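Here is a briefing on one structure. Please look over the sequence and the model before reading on.

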Amino acid sequence: MGHQVEVDQAFVQSPEHRPKPVISEAGSIPLIDLSPLFSDSTATAVQATLVEQVEAASRDWGFFQVINHGVPVELLKAAETAEREFFELSEEEKKKVRRDEVNPLGYYESEHTKNVRDWKEVFDMVVHEPGVVDVSGLELKNKWPQVPLGFRETFEEYAKSVEKLAFRLLELIALSLNLPSQRLNVFFEEQTSFIRLNHYPPCPYPDLALGVGRHKDAGALTVLYQDSTGGLDVKRKSDGEWVRVKPIPNAFIINVGDIIQVWSNDKYESAEHRVSVNSAKDRLSIPFFFNPASYTNVKPLEELVDETNPAKYDEYNWGEFFKTRKDSNYKKLEVENIQITHFKRV
């Protein structure tokens, strides 16, 4: 008889949400080359094509990958190395920067998504210090670890570079909605963006658990870097099948969050996604969650609403929404996470 693996029930997904053994890599998410953004002589036609690509990807998938994005490859490698070195530290060392009830930043090893524990450990940091992440108005300082050396400098530089990319993408999305390119920038003057380091260790029962259960991102945009392991699954809109996103070296995976879904009045839809784990090797990823100021009231943009296309959502406050979502991920609550569907007009 083979060795019996003991299964911790806290991690077990209900049967309908467990990953299937085989997940399609066919018909994967679109790939967009952003090099026209960095060329002085780019013809308007090329820029227009780029906007069209972003529009089609945001509408049909809610996800796309970008290459030639302007973030230096050396910086990606430095960030991945610093992340790996941090997660290789002893538990005792990592717990020196553990999050607590007052400050949700730092290291954490028992996140829940939809009330099931995720097979991962994380480290959170705000992009701008001191940062405010929700309506509590609490100003948060990052909990920088003493080791690995250079960790803080690497991620401060990474944050600056990826933030520039996030604004470029936001401007492309605004153009794709026939809005002026800077139309959405005003919401990010006191942004609540944060960076998360995810480590998904090998899992002895990958058919029962998930690295992150199915969910939609609550913010505006997510700009994700991942290592070569793979495991991100996106729910394809055309048929509801889960599709594995194939890792492309030095690319970023972009997804439209709930806020852009509401701003666009459902022209774009935030796609459901999850992370599968495997029994052989671990996986690292670095999502940058690009989020507006906590005082932002989110509602469909007036330019996109008229008599024939009325607003599909009631206004809600971003800081309050995020605090409610975050609290239920921290403490396993017996209630459903808050979702934008709660603000949807019937």
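The points below cover a sheet and a helix pair.

This is a predicted model: local features need pLDDT of at least 70, side-chain atom pairs count only at pLDDT 80 or more, and totals for chains, interfaces and linings use all residues. Residues are numbered from 1 along each chain as its sequence is written, and side-chain values use heavy atoms, without hydrogens and water. Helices (H or I, at least four residues) and strands (E, at least two) are DSSP runs, numbered from the N terminus.

- Four strands make an open sheet, ordered 8-13-10-11, with antiparallel pairing; two strands pair if DSSP finds at least two bridges between them.
- Strand 8 (212-215) and strand 11 (242-244) are the edges, each pairing on one side only.
- From one strand to the next, the twist averages 20 degrees.
- Strand 10 (residues 232-235) runs antiparallel to strand 11, and three bridges join them.
- Lys235 has Trp242 in strand 11 as its bridge partner.

**Helix pair**

- Helix 2 (residues 73-87) and helix 4 (residues 151-176) have axes that come within 10 Å and cross at roughly 135 degrees.
- Axes are lines fitted to C-alpha atoms, for helices over the stretch in contact, and angles run from 0 to 180 degrees between N-to-C directions.
- Helix 2 and helix 4 are therefore oblique to each other (under 35 degrees is roughly parallel, over 145 roughly antiparallel, 65 to 115 roughly perpendicular, the rest oblique).
- Residues of helix 2 in the contact (heavy atoms within 4.5 Å) include Leu75, Leu76 and Phe86.
- On the helix 4 side, Phe151, Phe155 and Tyr158 are among them.
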